[in-house]
Amino acid sequence: MIRRAASLVTDSSSTFLSQTTVAFTDALKDYSKNLLSLTSSSSPLFRYLASLGKLTAMEEDLLLQVINGWRAECKHYEQAWINAVSLSKAAAEIAQSSGAQQASASMMSNLQVSQSQVEEARKVSVDADKKLAETKVEEIQRMAEYTAFLGDGDEHEIHEAYLRED
């Protein structure tokens, strides 16, 4: 009877773990996809940045709010997943101590699969964060070049006049 109860607990924990893993990895994948879409050279935002050289303060704040919203959603699902992992480990220990070795082994296997799926999704998310940072650095560099160009405006006008005389 105790082994059956332990098996039921591991089954329920496994379902909870599976569902939170899917929710968390989907949130990470959506976050990554959205960031990569924003930083893609074919995205309207990227083309806008390239043409103007910068976002206005209001546009940048709005964009940061959207990105922070995506991050908050990921954190929410991550916390649920962490709770599911803890519950699953406890269920596996209880199953092991009650003699339900098969249920315990199955739970530990499910934990390993879940952790590898989350790790893969996290790698994609980290890559997207790096791409966002690179895009921000490129924007800063473009602004510095543009500012330097404006500061040297007289020299460029003289140079153009010199070329017209030739």
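1. Start with the lining. The second largest pocket is lined by Phe 24, Leu 28, Tyr 31, Trp 70, Arg 71, Cys 74, Lys 75, Glu 78, Arg 122, Ser 125 and Asp 129. Bear in mind that the model is predicted.

2. Volume next. The second largest pocket comes to about 180 Å³.

3. Which helices supply at least two residues each of this lining? They are H1 (2-39), H3 (57-97) and H4 (101-151). Helix H3 gives the most, with 5 residues. Trp 70, Arg 71, Cys 74, Lys 75 and Glu 78 are in the lining, and the span of H3 is 57-97. Phe 24, Leu 28 and Tyr 31 also line the pocket; helix H1 covers 2-39. Arg 122, Ser 125 and Asp 129 complete the list, with H4 running over 101-151.

4. Among the residues in the lining are Arg 71, Lys 75, Glu 78, Arg 122 and Asp 129.

5. On the overall fold, the chain has 5 helices and 0 strands. From the N terminus, the order of elements reads α-α-α-α-α.

6. Residues 24 or more positions apart account for 81% of them.

7. Burial and surface. Of the 166 residues in the chain, 27% are buried. The chain exposes about 11000 Å². Carbon and sulfur atoms supply 57% of that area.

Technical notes: Residues are numbered from 1 along each chain as its sequence is written. This is a predicted model: local features need pLDDT of at least 70, side-chain atom pairs count only at pLDDT 80 or more; totals for chains, interfaces and linings use all residues. Side-chain values use heavy atoms; hydrogens and water are left out. On a 1 Å grid over the protein atoms alone, a cavity is a set of points where a 1.4 Å probe fits but cannot get out, and a pocket is an open set with protein on both sides within 12 Å along at least five of seven lines; lining residues have an atom within 4 Å of a point. Grid points are joined across faces, edges and corners, and a volume is the space filled by probe spheres set on the points. Helices (H or I, at least four residues) and strands (E, at least two) are DSSP runs, numbered from the N terminus. Buried means under 20% relative accessible area, exposed over 50%, partly exposed in between (1.4 Å probe, protein chains only). Contact means heavy atoms within 4.5 Å. Accessible areas come from the Shrake-Rupley method with a 1.4 Å probe; for residues, only the protein chains shown count as cover.
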